[in-house]
Amino acid sequence: MTTSTTPRQQFASDNLAGICPEALQSLLDANASGHQPAYGDDIWTQKSTDMLRELFQTDCDVYYVFNGTAANSLALASMCQSYHSVICSPVAHIETDECGGPEFFSNGSKLLVGESDSAAALLGKLTPDAVEDLVTKRHDIHYPKPKVVSLTQATELGTVYSVAEVRAIAAIAKRRHLKLHMDGARFANAVAALDVHPSEITWRAGVDVLCFGGTKNGLPVGEAVVFFDRELSADFAWRVKQAGQLASKMRFISAPWVGMLEHDTWLRNARHANAMAQRLYQAIHGLPGVRVLHPPQANAVFAQLPAASIARLHAAGWKFYEFIAGGGCRLMCAWDTQPETVDAFAADLAAACAQAA
């Protein structure tokens with residue numbers, strides 16, 4: 001087992017990766033472009049916004065914020081009143097990892113979690129039946145009125161909603177007069193996995209608002225909130241300002257998006273991360289004592305590992321999370337994960353499992 005040095009790359013999170021070269025070059029170009037208007041009136045914000053509209057093939061409204069929690073929280077607040085509720089998966093990031101942000105920024109909108117026992121739920125997904133059950137559970141004035149369905153694409157368990165699945169949930173949402181929000185922290189990985197046009201799993205499928213994540217895919221910072229239903233973005237700029245999310249030098253958030261969107265860098269990065277997850281899966285799923293919870297669909301592998309093997313891997317310097325939803329160890333690949341890193345981890349895991357056997 002490799003113990004001499006701490007591995008340069010890790011599997012704890014795709015947040016650990018640095019800035020991809022294309023995004024960094026655009027950031028440097030923005031810095032070299034001299035004085036620019038503040039608060040988003042610069043040429044870089046306009047260019048990246050237009051590029052996102054071109055990418056999605058529709059005239060959407062786009063806003064940039066610093067991080068995913070702000071993107072989700074402010075987007076949901078724009079879709080809800082304080083007496084409304086948001087339907088989500090039990091493992092949704094807005095439910096488990098955003099410190100009450102959606103409730104705070106909406107002044108109290110309640111999150112209603114779907115069932116957790118079905119095959120779909122065990123893969124981190126909502127279903128039309130789960131949505132219907134929560135919508136029809138009660139209608140009295142004492143119950144928070146359902147208003148929004150929130151999907152995570154790709155899910156917190158590394159699975160992906162198909163176009164048909166998104167359409168089916170959008171159909172029940174529309175029938176029940178609900179809006180559809182998509183937490184797309186790893187949206188690029190989902191698009192890469194499905195090999196579809198990004199419009200096909202967003203507004204063409206019935207999504208009203210997308211929080212398009214870039215940080216996990218090679219950006220330094222900054223997520224895009226994309227309103228396909230432009231009526232929902234009314235006064236959103238004021239929400240962003242009030243929440244402390246309006247960057248005065250907005251060009252340094254928006255410019256890296258130009259580098260990501262040009263020549264489909266965002267998609268190439270995601271395809272690579274997904275491919276590394278597949279490589280890792282193929283290398284470890286047959287090892288003694290290892291039980292992969294499900295084949296990876298995006299850029300994460302979830303696996304139950306022997307406790308002794310986990311201890312040996314940590315001692316060798318490998319970092320990965322054990323508390324992420326799913327009950328196993330989450331091994332996350334990034335845009336820059338190298339095949340050699342995957343192979344080294346797999347070799348160390350194989351050695352650890354052999355010692356534990």
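The structure is a predicted model, in which local features need pLDDT of at least 70, side-chain atom pairs count only at pLDDT 80 or more, and totals for chains, interfaces and linings use all residues. Residues are numbered from 1 along each chain as its sequence is written, and side-chain values use heavy atoms, with hydrogens and water left out.

**Salt bridges**

A search of the whole structure finds 14 salt bridges, a salt bridge being a side-chain nitrogen of Lys or Arg within 4 Å of a carboxyl oxygen of Asp or Glu. Arg186 lies in the loop between strand E5 (179-184) and helix H8 (187-194), while Asp14 belongs to the segment before H1, so the pair ties together parts that are 172 residues apart in sequence. Helices (H or I, at least four residues) and strands (E, at least two) are DSSP runs, numbered from the N terminus. Both Arg186 and Asp14 are buried; buried means under 20% relative accessible area, exposed over 50%, and partly exposed in between (1.4 Å probe, protein chains only).

Asp50 and Arg53 form a salt bridge with their closest N and O atoms 3.4 Å apart. Both residues lie in helix H2 (residues 43-56), three residues apart, which is about one turn of the helix. Arg53 also meets Asp59 in a salt bridge, at 3.7 Å from N to O. Salt bridges that share partners join Asp50, Arg53, Asp59, Asp61 and Arg230 into one network.

| Residue | Relative accessible area | Class |
|---|---|---|
| Asp50 | 36% | partly exposed |
| Arg53 | 23% | partly exposed |
| Asp59 | 46% | partly exposed |

In H1, the residues Ala23, Ser26 and Ala30 are buried. Seen down the axis of H1, its buried residues fall within an arc of 60 degrees, so they line one face of the helix; the arc is that of the directions from the helix axis to the C-beta atoms. Pro21 and Asn31, on the other side of H1, are exposed.

Ile19 is found in the segment before helix H1 (21-31) and is partly exposed, with a relative accessible area of 33%. Together with Leu24 and Leu28, Ile19 makes a nonpolar surface patch of about 230 Å². Patches are made of residues with over 30% relative accessible area and no salt bridge, with like charges joined within 9 Å and nonpolar side chains (Val, Leu, Ile, Met, Phe, Trp, Tyr) within 5 Å.

**The loops on either side of E3**

Ser109 is placed in the loop between helix H5 (101-105) and E3. At 2% relative accessibility, Ser109 counts as buried. The C-alpha atoms of Ser109 and Leu76 are separated by 8.8 Å, and the two residues are 33 residues apart along the chain.

Asp117 has its place in the loop between strand E3 (110-113) and helix H6 (128-136). This residue is exposed, with a relative accessible area of 69%. Glu115, Asp117, Asp129 and Asp133 form a negative surface patch, Asp and Glu being counted as negative.

Methods:
Accessible areas come from the Shrake-Rupley method with a 1.4 Å probe; for residues, only the protein chains shown count as cover. The place of a charge is taken as NZ of Lys, CZ of Arg, CG of Asp or CD of Glu.
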